[in-house]
Amino acid sequence: MNELIKKAASLLESGAVKVVIGYGKGSTDRTQAIFITKVEDCNQLIFDSRCIQNLAVYLTKAEIKRMGKPAIMAPLPVLRSIVQLAAENQLSDESLVVLGVSPESNLVEFESLAAIESYLQEHKIEIDEKYRKIIEEIKSKPVSERFQYWVKELEPCFKCYACRAACPLCYCTRCTVESNQPQWIPVASHQLGNLEWHVMRAMHLAGRCTDCEACYHACPMGIPLHLLNKSLLQDVEENFGSYGPSLNKANSLSSFNPDDKESFIR
Amino acid sequence: MTEFEPKIVAFVCNWCTYAGADLTGTSRIKYAQNVKIIRFPCTGRIDFMLLLKAFSEGADGIIVSGCHPNDCHYTSGNFHARRRWITFRGLLDLMGIDVRRIQYSWVSAAEGAKWADVVNSTVTTIRELGPYTDYAKVANYLEKEANV
């Protein structure tokens, strides 16, 4: 960690970056994102198991971009999001400095985004066995029961859109959910609107989601909406081959293979 | 009680299936009248949300149909659509939305008979499954509240 603080300080001092995005102490026992612009504040940076927010979400925000070139603390989930954002032309080598944090909490420096991609080859996304089991369990229920399960799970949702705000890949400045002439997704938090919102959110991330679970952690009601993303991830992997953010391969759903196989089209 | 008549919405592409359905008519092939056809430029242009909107507006079944692979008017629209339907179907299945009620097919402009067959068999399937009450209950949630 000391290494990272030193590096952050030297970057700020030399003027190579204008702001360091990292984790700092939050209220109570939480951590929060902090934006450091002064060298002497760099020792506020911390990293431990509570740092689960995906900081990559700030890289596309206009107010952060206005602060100047950023350096960003990036544990694995953030690295994956950065590569995915770069693949979608939202970031470039010149637009940021990445202060990688290895699973052992050590600083990893990267020369380029391509270097991050090859680093991620050694740290591929793996869906936890625990979640695979839960998804399997849900799928084994009869269809009507499954429907009721989700209606009930989504019931607490009051559409605060924290899941959207926390997601680095939900960076559209105008979201379809705000489209209101006509109203595309009902805004009231009733069953239909909740169902439609969660289907849409998951589908818009299909083939892009990097499984960081930021949406789930951000949800004030603890809705297991990350299961939808994980299930889609499994489907993408199963049907279109191995999955992972890649700089030179198009997203699974923005590309195709003429030989894609399915069993349900007549 | 009158017999249940399935309401079916068909999302079809302009170049193949719509022309195919036209051929069914000009060939004077009779088929079930339960289907309402909505024409799109291409299957790749069909937003997945429209399927859910059809269900929430009271459809009991849905047909999505377009050009055969390699026959797309825009070269690759149906290939993109196919990937989308594969993933979307998986998500709907997980969420307990009845995927048996959505029939995907490739019907070319020359397959008037196939279109009649697709519609007839879908109507038969939906007739067996009955009205989609699960989704209707959710869709009419607000109305129910107002009646209390």
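Okay, let's start with a pair of strands: in chain A, strand E4 (residues 97-101) runs antiparallel to E5(A), with 3 bridges between them. Strands here are DSSP runs of at least two residues, helices are H or I runs of at least four, and both are numbered from the N terminus. Two strands count as paired if DSSP finds at least two bridges between them. One bridge joins Leu99(A) to Glu109(A) in E5(A).

A quick word on the source: this is a predicted model, where local features need pLDDT of at least 70, side-chain atom pairs need 80 or more, and totals for chains, interfaces and linings use all residues. Residues count from 1 along each chain as its sequence is written, while chains are lettered from A and ligands numbered from 1 in the order they're written.

Now, the whole sheet. It's open and mixed, with 5 strands of chain A in the order E2-E1-E3-E4-E5. At the edges sit E2 (31-36) and E5 (107-109) of chain A, each pairing on one side only.

So what does Leu99(A) touch? Ala8(A), for one: beyond its neighbours within four places in sequence, Ala8(A) contacts Val20(A), Cys42(A), Leu45(A), Ala71(A) and Leu99(A). Contact means C-beta atoms, placed from the backbone, within 7 Å.

Ala8(A) and Val20(A) are also among the members touching the most others in the largest nonpolar core, which has 113 residues. Such a core is a set of buried Ala, Val, Leu, Ile, Met, Phe, Trp, Tyr and Cys residues joined through C-beta atoms within 7 Å; buried means 20 or more other C-beta atoms within 10 Å of the residue's own, placed from the backbone. Helix H3 (residues 77-94) of chain B gives the largest share, 7 residues.

Key: Buried ≥ 20, exposed ≤ 12 C-beta atoms within 10 Å, placed from the backbone. Contact = placed C-beta atoms within 7 Å.
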